[in-house]
Amino acid sequence: MMVDKRHRNPRGQAMVPLYGFQPPVGTPYGLEVSTVEDFFAQHDDWPWNPPRPGRATFHYLIAVTEGELRHDVDHLTRTLTPGQWLWVRPGHTQCWHQPGAARGPFILFEPDVLRPDIARLLAPVTAHEASAVLSPHPDDAAWLHQTALQLLDEHRALGRRPLDVHHALRRSLLESLLLRLANSPDILAASRADKGRRDTYGRLVDALELHFRELHRAADYAELLGCSVRTLSRAARDGTGKGVRELIDARRLLEARRLLGSAGWDARAVADHLGFTDAANFGRFFRDRTGLTPAAFAARDAITHP
């Protein structure tokens, strides 16, 4: 179901593995549906035994119907309870925990399985920065659960209908599920609030994702986006409660944690990659924000994720 596309940095050090989508033989490409319990039973040696961070080129969508599910997304542990959904987007660094008593439908799909018009409608919830944990309104919970089960049933019905009909039904059920999930009142309200801030703040997020390695000042991004530093600062405050410099530092710090941890880079390589003048300057930056030196963080991460 997944293919390790592991890459190495210029120094030859392994980066966080990137997994591509490869469904079981005979399954229509682009979409696979299972349950949390079946998925773990079929993959008892990967990637949670022992836990190892990884990234994927496709979406993970899990509905928790029983028990409690713990999952790390970009180095933050999320705890989900019944009625909540976990959505891990392509490119997120994630790490599994043992499922325990967690139960529920588990859907994996590639971005291009969605029709373009549906993908546009779903853009707020498929975006990389969208929330990893979704809490639909109780009025939507039963419908969402039933639709997920219908999708699971159709996925398991391979061979019962012509292949093109089977695939069309799966895609239709998936799109219906995602549209209803995205438009659940609680989630829709959050999306509308985000949309009101999306113009300047959203452009900042996009620019930051592209340029955080080489651009490190608010003025750099204001110039890039063609606005004043004051306008950019207001958009950042409205969107997150943080200043532009805080957002820049947070993005660099996230990348540093990724590279020092599972990727195994040393402090000097990370400093070069993130545009610090030297390893000592990077070390001060990292220690001030985490309370740990880069070496101490890497050693702790190695113990936590052997």
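Predicted model: local features only at pLDDT ≥ 70, side-chain atom pairs only at ≥ 80, totals over all residues.
**Close-ups of rings, charges and crossing helices**

View 1. Phe 39 and Trp 96 make up one of them, a tilted pair with 5.9 Å centre to centre and 35° between the planes. This pair ties together distant parts of the chain: Phe 39 belongs to helix H1 (residues 36-42), while Trp 96 belongs to strand S9 (residues 94-96), 57 residues apart.

**View 2. Here is the ring cluster that includes Phe 39 and Trp 96.** Step back from that pair and other rings join in: Phe 21, Phe 40, Phe 58, Tyr 60 and Phe 106 are linked with Phe 39 and Trp 96 through ring pairs.

**View 3. Two arginines sit over aromatic rings.** Look for the charged end of Arg 180 over the ring of Trp 143, 4.5 Å from the ring's centre. Arg 252 does likewise with Phe 285: its charged end sits over that ring, 5.7 Å from the centre.

**View 4. Helix H9 crosses helix H11.** The axes of H9 (residues 244-260) and H11 (residues 279-290) come within 11 Å and cross at roughly 100°, so the two helices are roughly perpendicular to each other. On the H9 side, the contact is made by Asp 249, Arg 252, Leu 253, Ala 256, Arg 257 and Leu 260. H11 brings Phe 282, Phe 285, Phe 286, Arg 289 and Thr 290. Sorted by type, the contact residues come out as 6 nonpolar, 1 polar and 4 charged.

Note on methods: Residues numbered from 1 in each chain as written. Heavy atoms only, no water. Phe/Tyr/Trp six-rings, centres within 6.5 Å; stacked < 30°, edge-to-face > 60°. Helix = DSSP H or I, 4+ residues; strand = E, 2+ residues; numbered from the N terminus. Lys NZ or Arg CZ within 6 Å of the ring centre and 35° of its normal. Axes fitted to C-alpha atoms, helices over the stretch in contact; angles between N-to-C directions. Parallel < 35°, antiparallel > 145°, perpendicular 65-115°, else oblique. Contact = heavy atoms within 4.5 Å. Nonpolar A, V, L, I, M, F, W, Y, C, P; charged D, E, K, R; others polar.
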